[in-house]
Amino acid sequence: MTAPLTPPHQPSSNDPWQTPPSAGGPGGSHLIGAHGPGGLPGAPEEKALAPELRPAALVALLVTVSGVALGLLWLWLAPRVPLISDSTAVFLNDSEGEEAIGADGTFVLLGLAFGAVSAALVFWFRRRGGIALVVALALGGLLGSLLAWRLGVWLGPTQDVVAHARAVGKGVVFDAPLQLRAKGALLAWPLGAMAVHLALTALFGPRDPEPEWGVFPGGPWAPGAAVFGGPGAGTPGAPDAGGSGGSGTAGEPGAGGPAGGGVPPTRP
């Protein structure tokens with residue numbers, strides 16, 4: 001007897017050139033297109049990240065807007081560089097002064113302070129944290145530093161030094177434009193915020209619960225399990241602790257002889 005041949009209207013399943021089944025057809029539900037036009041279903045990480053995007057955007061916006069306060073404080077606290085004119089050129093009134101570097105140092109210190117405060121507030125209101133929240137905190141700090149820098153320069157003394165010198169006259173001391181020479185000072189806010197938030201999370205952040213070690217069913221420590229070496233765990237028919245071999249009662253576990261009974265009775 002031979003195996004039946006494949007009907008001509010049904011393709012053989014061993015044909016390597018046959019067209020794979022469609023997503024909606026039989027056996028095609030495991031293909032990529034079976035989950036809709038988007039391909040594979042959304043990963044759990046994407047679903048868990050979606051609720052964090054809105055508070056993260058709010059944090060980035062608030063931190064950026066607070067750069068206005070940083071710019072005003074920098075304009076108020078930064079030392080001024082005194083200039084003087086002799087009607088032909090403009091010179092530093094104090095060639096050995098440190099006011100220029102003092103403006104950069106003031107911006108760095110204010111940026112670190114704003115970073116610490118913003119990180120503490122974010123941690124206070126959003127203790128659970130999250131990747132999106134930390135990225136928003138750093139991005140908002142950088143944008144806030146840029147806003148503070150441009151605002152301080154805009155509200156400070158005019159950038160046209162020659163026109164300012166002509167306006168005040170010869171031999172009159174006037175302030176130089178407010179400048180940020182060390183552009184790395186813009187990173188003080190985001191770096192300070194990241195460091196403070198990391199420290200607060202490490203010290204006071206929520207901890208994951210410790211895993212509980214359960215007892216496996218049927219294990220040696222499971223309730224009602226026989227312990228090796230204990231009573232009733234010996235070989236059937238072996239002497240028990242009292243020295244009598246096979247002296248169990250019929251039907252009791254651990255008794256000698258056949259299972260479910262003791263030594264069979266002998267005929268007189």
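A contact means heavy atoms within 4.5 Å. Leaving aside neighbours within four places in sequence, H197 is in contact with A119, V122, F123, V134 and L137. The structure is a predicted model, in which local features need pLDDT of at least 70, side-chain atom pairs count only at pLDDT 80 or more, and totals for chains, interfaces and linings use all residues. Residues are numbered from 1 along each chain as its sequence is written, and side-chain values use heavy atoms, with hydrogens and water left out.

**Overall layout**

- The chain has six helices and three strands; helices (H or I, at least four residues) and strands (E, at least two) are DSSP runs, numbered from the N terminus.
- Along the sequence these elements follow the pattern α-α-β-β-α-α-α-β-α.
- Of the 268 residues in the chain, 26% are buried, where buried means under 20% relative accessible area, exposed over 50%, and partly exposed in between (1.4 Å probe, protein chains only).
- Among contacts in the chain with a separation of 6 or more, 67% are between residues 24 or more positions apart.
- The chain exposes about 18900 Å², and carbon and sulfur atoms supply 66% of that area; accessible areas come from the Shrake-Rupley method with a 1.4 Å probe, and for residues only the protein chains shown count as cover.

**Confidence**

- The average pLDDT of the chain is 74, and 60% of the residues score at least 70; pLDDT is the predictor's confidence in each residue, from 0 to 100.
- Over residues 27-41 the pLDDT stays under 50, and the model has 13 contacts beyond four places in sequence for this stretch.
- Residues 232-261 also have a pLDDT below 50, with 25 contacts in the model beyond near neighbours in sequence.

- H197 lies in helix α6 and counts as buried because its relative accessible area is 6%.
- V59 is placed in helix α1 (residues 44-65), and with a relative accessible area of 12% V59 is buried too.
- Not counting residues up to four places away in sequence, V59 touches V122, L133 and L137.
- V59 and G140 are 81 residues apart along the chain, yet their C-alpha atoms are separated by 7.4 Å.

- A search of the whole structure finds two aromatic pairs; rings of Phe, Tyr and Trp (its six-membered ring) pair if their centres lie within 6.5 Å, and planes under 30 degrees apart count as stacked, over 60 as edge-to-face and the rest as tilted.
- One of them is formed by W74 and F107, which are edge-to-face at 5.1 Å centre to centre, with 80° between the planes.
- This pair links distant parts of the chain, with W74 in helix α2 (residues 67-77) and F107 in helix α3, 33 residues apart.
- W74 is buried, at a relative accessible area of 0%, and F107 is buried at 1%.
- G152, in helix α4, counts as buried because its relative accessibility is 0%.
- Beyond its neighbours within four places in sequence, G152 is in contact with G71, W74, L75 and L178.
- From C-alpha to C-alpha, G152 and Q179 are 8.5 Å apart in space and 27 residues apart in sequence.

**Surface patch**

- L139, L142, L143, L146, L187 and L191 form a nonpolar patch on the surface, with about 490 Å² of accessible area together.
- Patches are made of residues with over 30% relative accessible area and no salt bridge, with like charges joined within 9 Å and nonpolar side chains (Val, Leu, Ile, Met, Phe, Trp, Tyr) within 5 Å.
- A salt bridge is a side-chain nitrogen of Lys or Arg within 4 Å of a carboxyl oxygen of Asp or Glu.
- Helix α4 (residues 131-155) gives the most to the nonpolar patch, with four residues.
- L187 lies in the loop between β3 (174-175) and α6 (188-204), and at 42% relative accessibility L187 counts as partly exposed.

- L109 is found in helix α3 (residues 99-125) and is exposed, with a relative accessible area of 61%.
- The C-alpha atoms of L109 and A185 are separated by 9.0 Å, although the two residues are 76 residues apart along the chain.
- D160 sits in the loop between α4 and α5 (161-168) and is partly exposed at 42% relative accessibility.
- D160 and P177, 17 residues apart along the chain, have C-alpha atoms separated by 8.2 Å.
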